[in-house]
Amino acid sequence: MASVTMIVNGKEVTANVDPRTLLAQFLREHLHLTGTHVGCDTSQCGACVVHVDGRSIKSCTTLAVACEGASVTTIEGIGTPEHLHPMQAAFRENHGLQCGFCTPGMIMSAIDIVNRKGHQLDEHTIREELEGNICRCTGYHNIVKAVAAGAQAMAAK
Amino acid sequence: MYAFSYHSPKTVRQAATLLGKNPDAKVLAGGQTLLPTMKQRLASPSALVDLGKAEGLSGIEVKGRNVVIGAMTRHADVATSAVVGEAIPALAALAGGIGDPAVRNRGTIGGSIANNDPAADYPSAVLALNATIITNKRKIPADQFFQGMFSTALEEGEVIVKVSFPIPSKAAYEKFPNPASRYAMVGVFVAKKGSETRVAVTGAGSDGVFRSAELEAALKARFNPKSLDGVKVKASGLNSDIHASSEYRAHLIPVIAKRAVAKATAK
């Protein structure tokens with residue numbers, strides 16, 4: 001077992017974990033933050049995307065112990081049901097989901113895109129930047145619309 | 001994933017000591033290949049030596065006529081580096097085309113090179129730009145570093161510290177990605193520095209990345225896309241798999257090389 005301490009959604013957590021515990025497993029099974037999903041488990045689908053020290057990463061392909069001292073933000077850390085993050089609100093308004101399984105990862109990736117590329121995102125940029133997030137329901141059209149709208153809404157915030 | 005012991009050394013020296021004590025240990029850099037491999041139980045190291053906290057392994061600087069990149073520098077940082085974008089834009093573009101944004105935020109140049117995946121992008125840049133791999137023990141020229149797929153000149157306990165890229169006068173990278181996996185079915189890095197032209201091909205060779213003598217000879221007199229008209233590459237020694245036959249890859253190599261030269265010579 002190995003001890004790991006990190007900040008998750010603003011709160012410091014310390015735990016003893018088997019070193020092979022993935023960050024996704026740690027978040028879901030130790031902290032019960034089940035908003036982070038595991039879809040493919042082979043780092044292709046992006047349902048597990050969270051932010052580590054402000055950068056999007058795939059939590060199914062990162063060891064929890066490698067996040068010692070890091071600041072982790074999950075979908076639970078960006079908004080509440082009463083006060084959705086502008087990107088969450090944009091997904092709801094634009095019907096950017098059907099089953100919703102990919103949505104946490106989509107939203108965490110979308111916020112990362114805005115952080116890197118700004119608030120005015122064209123369709124091509126959004127589609128390129130969402131390469132690492134797979135949706136098997138919608139065909140992406142409304143997701144792209146949601147990301148563009150959410151990016152602008154984040155500027156207004 | 002099988003169990004392993006985890007070590008997080010603070011220096012490269014400590015990392016080397018740990019590797020010396022644990023013969024089955026593997027170095028963990030960004031983990032974007034190693035962790036999936038371990039999850040599939042295709043690798044089962046007894047110990048992981050994580051370089052994430054080892055000091056002095058990240059960063060990008062220009063030293064003389066070289067761009068020197070620390071081994072733990074993430075793909076995203078190379079892709080967006082003003083220094084790399086100015087000195088070797090082809091290298092920044094290559095880094096920006098690896099995997100997806102989240103993978104680029106974890107994956108490292110040292111990890112990619114040490115792994116020497118036959119479809120990885122970075123090895124072609126290292127070979128075509130005639131880079132030098134600087135380890136904790138020595139300096140290894142690119143021509144001696146890659147020794148067949150997943151195989152390099154690195155010895156037990158040897159850790160890549162940085163990679164030094166001579167700044168070329170012209171260079172570009174083009175790849176033909178597999179439509180599903182997005183890995184290079186053929187990737188070609190062309191570089192011209194002074195009178196020397198080097199062409200490295202990834203994704204195609206059954207022994208991993210290689211320099212193409214045919215293409216280098218054709219481009220030697222004139223570094224121009226037209227110089228590659230009619231140039232043929234032999235299919236022997238190229239991969240045949242469900243994605244493409246060796247003949248198809250042989251056809252793709254000059255096609256992609258021509259696009260790379262066009263990109264390198266465009267204003």
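Author: Let's start with K117(A), which is partly exposed at 43% relative accessibility (buried is under 20% relative accessible area, exposed over 50%, partly exposed in between, with a 1.4 Å probe and protein chains only). Before going on, please keep in mind that this is a predicted model, in which local features need pLDDT of at least 70 and side-chain atom pairs count only at pLDDT 80 or more, while totals for chains, interfaces and linings use all residues. Residues are numbered from 1 along each chain as its sequence is written, chains are lettered from A and ligands numbered from 1 in the order in which they are written, and side-chain values use heavy atoms, without hydrogens or water.

The side chain of K117(A) meets that of E129(A) in a salt bridge, 3.6 Å from N to O (the rule asks for a side-chain nitrogen of Lys or Arg within 4 Å of a carboxyl oxygen of Asp or Glu). This pair links distant parts of the chain: K117(A) belongs to helix α3 of chain A and E129(A) to helix α4 (residues 123-129) of chain A, 12 residues apart. Helices (H or I, at least four residues) and strands (E, at least two) are DSSP runs, numbered from the N terminus.

Helix α3 of chain A holds another charged pair. R116(A) and D112(A) form a salt bridge whose closest N and O atoms are 2.9 Å apart. Here both partners lie in α3 of chain A, four residues apart, about one turn of the helix. An α-helix has 3.6 residues a turn, so residues three or four places apart point the same way. R116(A) is partly exposed, with 38% relative accessible area, whereas D112(A) is buried at 3%.

Helix α3 (103-117) of chain A also has a covered neighbour: together with α5 (141-156) of chain A, it is what the buried residues of α2(A) pack against (contact means heavy atoms within 4.5 Å). Helix α2 (residues 86-93) of chain A is mostly covered, with six of its eight residues buried. They are P86(A), M87(A), Q88(A), A89(A), A90(A) and F91(A). Just after this helix, H95(A) takes a positive phi of about 50°.

From α3 of chain A we can move on to the partner chain. Four salt bridges are found across the interface of chain A and chain B. One pair to look at is R182(B) and E131(A), whose side chains meet in a salt bridge at 3.4 Å, N to O. On the side of chain A that touches chain B, α3 and β4 (55-58) each supply at least two residues. The most comes from β4(A), with four residues.

As a whole, the contact takes 22 residues from chain A and 25 from chain B. The two chains bury about 2000 Å² between them, 56% of it on carbon and sulfur atoms (buried area is the accessible area, 1.4 Å probe, that two parts lose on being put together, summed over both). In chain A, R20(A), R55(A) and T61(A) lose the most area to chain B, together 28% of what that side buries.

Within chain B, K175(B) and D121(B) meet in a salt bridge at 3.2 Å, N to O. K175(B) lies in strand β9 (residues 170-177) and D121(B) in the loop between α7 (109-115) and α8 (122-128) of chain B, so the pair ties together parts that are 54 residues apart in sequence. D121(B) is buried, at 7% relative accessibility. Shared partners also join D143(B), E196(B), R198(B), R211(B) and E216(B) into one salt-bridge network. Over all chains, the rule counts 19 salt bridges.

To finish, look at the strands. Chain B has an open sheet of five strands in the order β4-β5-β8-β6-β7, with antiparallel pairing (two strands pair if DSSP finds at least two bridges between them). Its edge strands, β4 (60-63) and β7 (139-141), each pair on one side only. Inside the sheet, β5 (residues 66-70) and β8 (residues 160-166) of chain B share five bridges, with G70(B) opposite K162(B). In chain A, strands β1 (residues 2-8) and β2 (residues 11-17) run antiparallel and are joined by seven bridges, and T5(A) has T14(A) as its bridge partner. Two residues lie between the strands of this hairpin, where N9(A) takes a positive phi near 50°.
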